[in-house]
Amino acid sequence: MDIFERIQKNAGGPIGMYQKKSHGYFSFPKLEGEIGPRMKFRGREVLNWSLNNYLGLANHPEVRKADAEGAAQFGMAAPMGARMMSGQTKYHEELERQLAEFVGKEDAFLLNYGYQGMISIIDCLLDRNDVVVYDAEAHACIIDGLRLHTGKRFVFKHNDMESFRKQMEHATKLAAETKGGILVITEGVFGMKGDLGKLDEIVAMKKEFNFRLLVDDAHGFGTMGEGGRGTASHFGVTDGVDVLFNTFAKSMAGIGAFVSSHKYIIDYLRYNMRSQTYAKSLPMPMVMGAFKRLELIKTHPEYQQKLWEITRALQQGFRDRGFDIGGTQSPVTPVYLKGDIPEATNLVVDLRENHGLFCSIVVYPVVPKGEMILRIIPTAVHTLEDVEYTLNAFDAIRGKLLAGEYRKPMPDMSDMSLAHK
């Protein structure tokens with residue numbers, strides 16, 4: 001069969017199969033205007049709970065100024081080339097030094113993007129004799145990185161320490177045969193459910209098993225721990241986490257990422273990470289902007305405090321009203337509801353069109369059939385009034401859901417008459 005013919009017959013895949021009805025509304029929606037709690041969606045203002053702008057830095061005036069000055073001084077082209085060849089600058093080196101110091105590691109290495117960075121970290125650290133043990137709900141970038149690994153891997157049930165112990169026993173036996181090592185991979189904050197990886201318990205297992213620990217703390221940087229130093233800091237196990245990965249895409253409201261560890265590990269990654277060796281260096285405006293973002297995180301602990309004020313009010317409000325938000329321990333706030341895909345889509349249309357409230361929805365195949373998650377991301381620039389309005393809106397849609405009012409055909413959002421342009 002011709003490759004394109006197969007793709008055409010596949011009807012877009014499990015999510016893309018709905019693109020004719022969902023494109024521009026449920027998938028690839030356009031949020032316009034200044035980044036913040038209130039933005040425009042199809043020409044109407046909505047209360048926005050869908051962005052990982054945790055500390056509200058995206059539109060901070062000092063951040064906007066630093067970004068603009070960086071672009072004016074250096075342009076988007078500088079530096080030209082990969083870091084190893086011609087893209088190295090003193091600014092990249094200094095930012096790495098400051099980031100490593102902030103998270104409590106010896107050294108750090110800047111990465112162009114988080115997703116490709118994690119894939120390349122895993123590929124770089126492992127050889128075919130090594131064994132990997134990872135959490136079942138690890139992010140897609142971790143799964144894709146593991147696909148490059150030609151050795152054996154074991155998956156443990158999400159945050160289940162008995163399952164982890166069992167898989168470690170299997171891994172230890174196999175590693176003895178292959179003469180390789182063991183790398184454990186988990187997350188600091190799981191971005192869908194909001195619960196924390198059990199870093200303290202995993203680190204404690206080092207007394208019993210011989211392994212190294214890689215933690216993806218994309219959602220933990222800036223939100224968790226002392227001064228926003230992350231989930232390892234929250235648990236007091238920074239030294240026990242061997243390799244720490246953080247992204248700029250969330251609390252830093254920027255582009256890029258970094259990995260931190262012992263100096264000799266970072267030196268190895270600098271010279272062997274293919275995603276950086278063969279990619280252009282992180283542009284100077286992103287680097288200069290990152291300095292300002294990091295400075296604001298260090299000098300304004302009230303941003304993190306305000307984030308948690310909004311988070312606690314929102315989550316306690318949901319619990320008091322009988323909503324299921326699972327076991328979240330972070331700002332990530334999933335609201336679990338029951339309903340099929342047509343019900344979920346009609347509910348979201350009601351939420352956006354009649355309540356002016358925008359949040360992300362997750363349905364099958366990401367979650368089991370008959371279930372849906374409305375994921376709320378609080379930020380430091382939301383208000384307690386925003387929280388109260390949202391809780392009341394959720395009360396209203398839950399009532400309609402239970403009354404069966406959303407049991408009608410899935411709307412075709414390509415018909416622009418069904419929604420405001």
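Q: In what order do the strands of the open sheet of 7 strands lie?
A: This is a predicted model: local features need pLDDT of at least 70, side-chain atom pairs count only at pLDDT 80 or more, and totals for chains, interfaces and linings use all residues. Residues are numbered from 1 along each chain as its sequence is written, and side-chain values use heavy atoms, with hydrogens and water left out. Helices (H or I, at least four residues) and strands (E, at least two) are DSSP runs numbered from the N terminus, and two strands pair if DSSP finds at least two bridges between them. The pairing in the sheet of 7 strands is mixed, and the order is S4-S10-S9-S8-S7-S5-S6.

Q: Which are the edge strands of this sheet?
A: An edge strand here pairs on one side only. The two that do so are strand S4 (107-111) and strand S6 (153-156).

Q: What angle does the direction of helix H8 make with that of S6?
A: Helix H8 (residues 161-178) packs on the sheet, touching strand S5 (131-135), S6 and strand S7 (182-187), where contact means heavy atoms within 4.5 Å. Axes are lines fitted to C-alpha atoms, for helices over the stretch in contact, and angles run from 0 to 180 degrees between N-to-C directions. For H8 and S6, the angle is about 170 degrees.

Q: Which residue of S6 is the bridge partner of Tyr-134?
A: S5 and S6 pair in the parallel sense over 4 bridges. The partner of Tyr-134 in S6 is Val-155.

Q: Which backbone nitrogens does the side chain of Asp-130 reach?
A: Asp-130 is found in the loop between helix H6 (114-125) and S5. Asp-130 is buried yet has no salt bridge, and Arg-128, the nearest side chain of opposite charge, is 10 Å away; a salt bridge requires a side-chain nitrogen of Lys or Arg within 4 Å of a carboxyl oxygen of Asp or Glu. The Asp-130 side chain instead reaches, at 2.9 Å, the backbone nitrogen of Asp-127 and, at 2.8 Å, that of Gly-181.

Definitions and conventions: Buried means under 20% relative accessible area, exposed over 50%, partly exposed in between (1.4 Å probe, protein chains only). Lys and Arg count as positive and Asp and Glu as negative; His and the chain ends are not counted. A polar contact is a pair of N or O atoms within 3.5 Å; within protein, one must be able to donate a hydrogen and the other to accept it, and residues adjacent in sequence count only if both atoms are side-chain atoms.
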